[in-house]
Amino acid sequence: MHIAEGFLPPAHAIAWGVASAPFVVHGVRSLTREVREHPESTLLLGASGAFTFVLSALKLPSVTGSCSHPTGTGLGAILFRPPIMAVLGTITLLFQALLLAHGGLTTLGANVFSMAVAGPWAGYAVYRLLRRYDVPLMVAVFFAAFVADLSTYCVTSVQLALAFPDPGSGFLGALGKFGSIFAVTQIPLAVSEGLLTVIVMRLLVQSSKGELTRLGVLLTRSGKTTSDEPEAVAR
């Protein structure tokens, strides 16, 4: 998904940077408030960021100028909501561009918009919808991670199609080509990411029930905490 350094035309790179900036600024404010009001959450924040960093660094060859890999953003979006995930994703993408030559600085805005903004919001929307209808937590977690991953690649396909429309069929033709190439590797990766995120969430339920309850992932009823109850209304 990471679009390579210098691959996008300058106007497109700038436009995606401008589009991403408000989400990141809002996320910084949300993250600052979370850490100030709940300093005990820093460990879980770090774990969410590390999960994203490790998964999104596992790249496979795909479309020229990009690649396929898990994103790891669904977990952080569920735990801390998409605004904070925008910051964690941006930090991840920046370090990967600087240290791993994965992505790039000129394409940072485009990569942030697809992986740190669109993916988390899409995954979180699915999570909230499923939990509203009393779908079990782990099922909702799977589909949130699955959708967050696939949404990222749908947006990347749009970004590439806008930058490089097909000479004959234009934007739609290019979108179909980029999307179909991504689908070969990305659908299996999205399923794998969903399953891995469920495993991680199960471990968190066992080890961090108090923190998950505070975050609204788990609810306490009559002094009892359960992972099969709907999400707290406050979230």
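**View 1. Helices α6 and α7 meet in a right-handed crossing.** Here a crossing counts as left-handed if the near helix is turned anticlockwise from the far one by less than a right angle, and as right-handed if clockwise. This is a predicted model, in which local features need pLDDT of at least 70 and side-chain atom pairs count only at pLDDT 80 or more, while totals for chains, interfaces and linings use all residues. Residues are numbered from 1 along each chain as its sequence is written, and side-chain values use heavy atoms, with hydrogens and water left out. Helices are DSSP runs of H or I with at least four residues, strands are runs of E with at least two, and both are numbered from the N terminus. Helix α6 spans residues 137-163, and its axis comes within 7 Å of that of α7, crossing at roughly 155°. Axes are lines fitted to C-alpha atoms, for helices over the stretch in contact, and angles run from 0 to 180 degrees between N-to-C directions. The two helices, α6 and α7, are therefore roughly antiparallel to each other; angles under 35 degrees count as roughly parallel, over 145 as roughly antiparallel, 65 to 115 as roughly perpendicular and the rest as oblique. The residues in the contact of α6 with α7 comprise 25 nonpolar, 6 polar and 3 charged. In this grouping Ala, Val, Leu, Ile, Met, Phe, Trp, Tyr, Cys and Pro are nonpolar, Asp, Glu, Lys and Arg are charged, and the others, Gly among them, are polar.

**View 2. Leu-160 sits in helix α6.** Leu-160 is buried, with a relative accessible area of 0%. Buried means under 20% relative accessible area, exposed means over 50%, and partly exposed lies in between, using a 1.4 Å probe and protein chains only. Along the chain, Leu-160 and Ala-174 are 14 residues apart, and their C-alpha atoms are separated by 8.0 Å.

**View 3. Helices α5 and α6 also pack, with α5 passing α6 in a right-handed crossing.** Their axes come within 7 Å and cross at roughly 150°. The contact of α5 with α6 brings together 17 nonpolar, 7 polar and 1 charged residues. Tyr-124 belongs to α5 and is buried, at 6% relative accessible area.

**View 4. Helix α3 packs against α7 at an angle of about 40°.** Helix α3 covers residues 73-80, helix α7 covers residues 170-207, and their axes are 9 Å apart. That angle makes α3 oblique to α7. The passage of α3 by α7 is a right-handed crossing. On the α3 side the contact (heavy atoms within 4.5 Å) is made by Thr-73, Leu-75, Ile-78 and Leu-79, and on the α7 side by Glu-193, Thr-197, Val-200, Met-201 and Leu-204. The residues of this contact of α3 with α7 divide into 6 nonpolar, 2 polar and 1 charged. All told, 8 of the 8 residues of α3 are buried, so α3 is largely enclosed by the rest of the structure. Among these buried residues are Gly-74, Gly-76, Ala-77 and Phe-80.

**View 5. Two residues other than glycine, Arg-81 and Ala-101, have a positive phi.** Most residues other than glycine have a negative phi, which makes these two worth a look. Arg-81, with phi near 75°, follows α3 and lies in the loop between α3 and α4 (82-99). Arg-81 is partly exposed, at 37% relative accessible area. Ala-101 has a phi of about 55° and is placed in the loop between α4 and α5 (108-132). Ala-101 is exposed, with a relative accessible area of 60%.

**View 6. Ser-30 is part of helix α1 (residues 10-37).** Ser-30 is buried, with a relative accessible area of 10%. Leaving aside neighbours within four places in sequence, Ser-30 is in contact with Pro-83 and Ile-84.

View 7. Residues 41-58 are 83% helix and 0% strand, with the end C-alpha atoms 27 Å apart. Residues 108-127 are 100% helix and 0% strand, with their end C-alpha atoms 27 Å apart.
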